[in-house]
Amino acid sequence: WLPGGSDLFCKIHTGLLESFSAQAALGSATTVCGLGQDTEFTQALIGSITAGNPPDISMLWDSPVSLGAQGAFMPLDDMMKGSKIPIETWPAGLLSSCQFKGVTYGLPVTAGVYSMWYNEELFEAKGIPSDRASFPKTWTELRKLSKEFTEWDGDTLKVAGFMPNRVAETMAIWSALNGGMLFDEANLKYVLDSEQNIEMMNFFVDWFDEEYKGDVNLIDRSSNFRDGYPDANTGMGPAFREGRQAGMQSGSWLMGDIYADPVPVFTRWNLAPNPYGPSGTASVSGTWPNWFVIPVGSKNAQAAFDYLSYLAVEGSVDWYQQIPDVPTNSQVKLKAPTGLVEKRGQEFADDLTAFLGTQAEIVTPMWNSPVQSFGNDQVARAIEKIYTKAQSVKEALAEAQAASQAELERVLAG
């Protein structure tokens, strides 16, 4: 089962399973891509497991830790021993998103890797070096650079530099960039209100107040300055593709979508490492993985694991060629996506592919809490309260900390 996705995504995975089935001489194998608009995928998967009739293998767009710890997914450690995909071939930071108390409940076969995207042409128009090596290494440098681009017309933001982070799902990356974390896996404890995280959010608020008038409503009414996609609710933006935003943090999947409507008004964009904060010492990256699990009750568990092994190595190469989700197993030797080669040339596409490989090696542990979705919701609420000035940084993080820790302890006790 697949949670859904574009027609291309479903077509790719149908083809991959067909190729594997032919190689493995399976009697039959089918792909179910999405279960209908009104069906909640995870609940449907849980229902199938409870009824004793699950798919043999399933993709997830949420960490397998929570359901794995509750007995919904098969542990994979024994099958990985002596297989084509032993545990040592997976980056530890990525694999931690599938592990709880030393048990592996899934594999992050591919992942969208987060880095900084920037418009080289806007940089050069300001006389600013546009090569990756010259990109800001620290938040302070990024904040200083951002001011070079930001333009207001009254209360309308016409052009933006870079925005302080407002995305809950990527806050673990920014915390790690400041020497912190959101969830301490070793001690099963949330640390949302740590000194590093309070410092991080105060830095962001000061930046937001100084450069962006301290008003999220003004920003959101001006355009979509959050990511590289049109806003689904308002139809605004994306400002980055419109040439009105110098840069942003985004995932590698955007490489497959950036030339879709609306086509960028500029030609040359590039990627750079994430800069680190006042209490940080080095760049780290992060991911949004495509996780795969074998549900308890799978009637063909070994065949499912064999397909998982195929996807992790051979299949992920074809996947990356069409949709640039980066294969995460260390055995994979990537070739640049053909679409990117056509648009930007072989040299640029090869360079970007190599860069994403290095970023995958420095992924910070994330998606590793048994109550990950609940914790993300609390972080999102805290972000909203902080940026709208409904609560102070310390108060909002303390509230999110208390709620997340209480839910974690409830789940662990059950």
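**Figure 1. R344 pairs with E120 in a salt bridge.** In this predicted model, the closest N and O atoms of R344 and E120 are 3.9 Å apart. R344 counts as buried, with a relative accessibility of 16%. E120 is buried as well, at 9%. Both values fall under the 20% cut-off for burial.

**Figure 2. R268 also forms a salt bridge with E120.** Here the closest N and O atoms are 3.6 Å apart. The pair joins distant parts of the chain, 148 residues apart. R268 sits in the loop between α11 (254-257) and β10 (269-272). E120 belongs to helix α6, residues 120-125. How accessible is R268? R268 is partly exposed, with a relative accessible area of 30%.

**Figure 3. E210 and K147 form a salt bridge.** The closest N and O atoms of this pair are 2.9 Å apart. E210 lies in helix α9 (residues 195-212) and K147 in the loop between α7 (139-146) and β5 (151-153), so the pair ties together parts that are 63 residues apart in sequence. Are these two side chains buried or partly exposed? E210 is partly exposed, with a relative accessible area of 46%. K147 is partly exposed too, at 42% relative accessibility.

**Figure 4. Shared partners join E120, E124, R268 and R344 into one salt-bridge network.** E120 is a partner of R344 and of R268. Side chains of opposite charge can pair when their charged atoms come close. The structure holds 15 salt bridges. The protein chain carries 29 positive and 50 negative charges. What distance separates the mean positions of these charges? The two mean positions are 3 Å apart.

**Figure 5. P3 lies in the segment before α1 (7-24).** P3 counts as buried, at 19% relative accessibility. Which residues does P3 touch beyond four places away in sequence? The contacts are G34, F41, M59, L60 and W61. V32 is 29 residues from P3 in sequence. In space, the C-alpha atoms of P3 and V32 are 8.5 Å apart.

**Figure 6. The whole chain sets the context for the close-ups.** The protein chain has 16 helices and 12 strands. Its radius of gyration is 22 Å, close to the 22 Å from the globule rule for 414 residues, so the chain is as compact as a globular protein of that length. The C-alpha trace spans about 65 × 50 × 40 Å along its principal axes. Buried residues make up 54% of the 414 residues. How much of the accessible surface belongs to carbon and sulfur atoms? The share is 51% of a surface of about 17600 Å². Among contacts between residues at least 6 apart in sequence, 72% join residues at least 24 apart.

Technical notes:
Residues numbered from 1 in each chain as written. Predicted model: local features only at pLDDT ≥ 70, side-chain atom pairs only at ≥ 80, totals over all residues. Heavy atoms only, no water. Helix = DSSP H or I, 4+ residues; strand = E, 2+ residues; numbered from the N terminus. Rg over C-alpha atoms; globule rule 2.2 N^0.38 Å. Buried < 20%, exposed > 50% of the residue type's maximum accessible area, 1.4 Å probe, protein only. Contact = heavy atoms within 4.5 Å. Areas by Shrake-Rupley, 256 points an atom, 1.4 Å probe, with all protein chains shown as cover. Lys, Arg positive; Asp, Glu negative; His and termini not counted. Charge placed at Lys NZ, Arg CZ, Asp CG, Glu CD. Salt bridge = Lys/Arg side-chain N within 4 Å of Asp/Glu carboxyl O.
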